[in-house]
Amino acid sequence: GNAVRVHEAEGDYWYFAAPFCRTRVKATWPAVNDPASYEAWSWDGEKYAWSRERAPTTQQAEEELIRVGKLPPAAARYRVADAATGESISIHGGAIEWNEFRKKWVLIASQAGGKSAPSYLGEIWYAEADSVTGPWRKAVKIASHPHYTFYNPRHHAFFDEDGGRRIYFEGTYTQTFSGNPVATPRYEYNQLMYRLDLADPRFD
């Protein structure tokens, strides 16, 4: 996944967004090279906690735990929904970064499928959370690629402008997985970059 460095009270960590930050390791060379040092963010039956024994809890696993009554909906971290319609969003891939302008952790992510989606892997969403681990709730669609694919979006925080008000993200634009028999000339499997203004009132 996409890595982001996080400053914790007990030291610096590398968190890995795949698409949510469900894995971390101390930001030291010995720890990064030691598989036993990695921790997973997972539901232990009572709460979310870091563990070196359990596997990370995914968005799909979380929904199943809620369905069978083993996780209260209020404790969920990944129940992402369209801010306009309330429709649930299955997240495929993304990146998480701190944004100084919004004073939030921000997620730029692609959607997998969806009944009303005009593409299988081409819809891109923006969401915010107070913690790098969520909870992630309301999302706003920021880009659409009907009948085309735009996957693995990455927010490049080093391009942020005006204190984080304007941010840049890119992703892979391709005919693959789209079902579209026609590829965009000269753009097949290219990286496309977008600029996003976070002062837009639709994010409030």
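Within the largest nonpolar core, a set of 27 residues, I96, V132 and W136 are the members that touch the most others; a nonpolar core here is a set of buried Ala, Val, Leu, Ile, Met, Phe, Trp, Tyr and Cys residues joined through side-chain atoms within 4.5 Å. Two or more residues of this core come from each of β1 (2–8), β2, β4 (39–43), β7 (91–99), β8 (104–111) and β9, where strands (E, at least two residues) are DSSP runs numbered from the N terminus. Buried means under 20% relative accessible area, exposed means over 50%, and partly exposed lies in between (1.4 Å probe, protein chains only). This is a predicted model, in which local features need pLDDT of at least 70 and side-chain atom pairs count only at pLDDT 80 or more, while totals for chains, interfaces and linings use all residues. Residues are numbered from 1 along each chain as its sequence is written, and side-chain values use heavy atoms, with hydrogens and water left out.

If neighbours within four places in sequence are set aside, I96 is in contact (heavy atoms within 4.5 Å) with V4, A17, P19, F20, C21, W105, V106, L107, V132 and W136. There is also a second, separate core of 16 residues, and among its members are V106, I108, I167 and L192. In soluble globular proteins, nonpolar side chains tend to be buried together.

Turning to the strands, an open sheet of 5 strands runs in the order β6-β10-β9-β8-β7 with mixed pairing, two strands being counted as paired if DSSP finds at least two bridges between them. Its edge strands, each pairing on one side only, are β6 (81–82) and β7. Inside this order, β8 and β9 run antiparallel and are joined by 6 bridges, and L107 has A127 in β9 as its bridge partner.

How many residues of β4 are buried? The count is 5 of the 5, so β4 is largely enclosed by the rest of the structure. From this strand E39, W41 and W43 point one way, whereas A40 and S42 point the other way. In a regular strand the side chains alternate between the two faces of the sheet. β4 pairs with β3 in the antiparallel sense over 2 bridges, with T23 standing opposite A40, and β4 is also joined by 4 bridges to β5 (residues 48–51), again antiparallel, with A49 as the bridge partner of S42. β4 and β5 form a hairpin with 4 residues between them, and G45 in the turn has a positive phi of about 105°.

The loops hold some backbone features to look at next. Most residues other than glycine have a negative phi, and most peptide bonds are trans. A cis peptide bond, with omega about -5°, joins A18 and P19, and P19 lies in the loop between β2 (11–17) and β3 (21–26). The bond from G134 to P135 is cis too, with omega near 5°, and P135 is placed in the loop between β9 (124–129) and β10 (138–143). H147, which is not a glycine, has a positive phi of about 60°; this residue sits in the loop between β10 and β11 and is exposed, with a relative accessible area of 52%.
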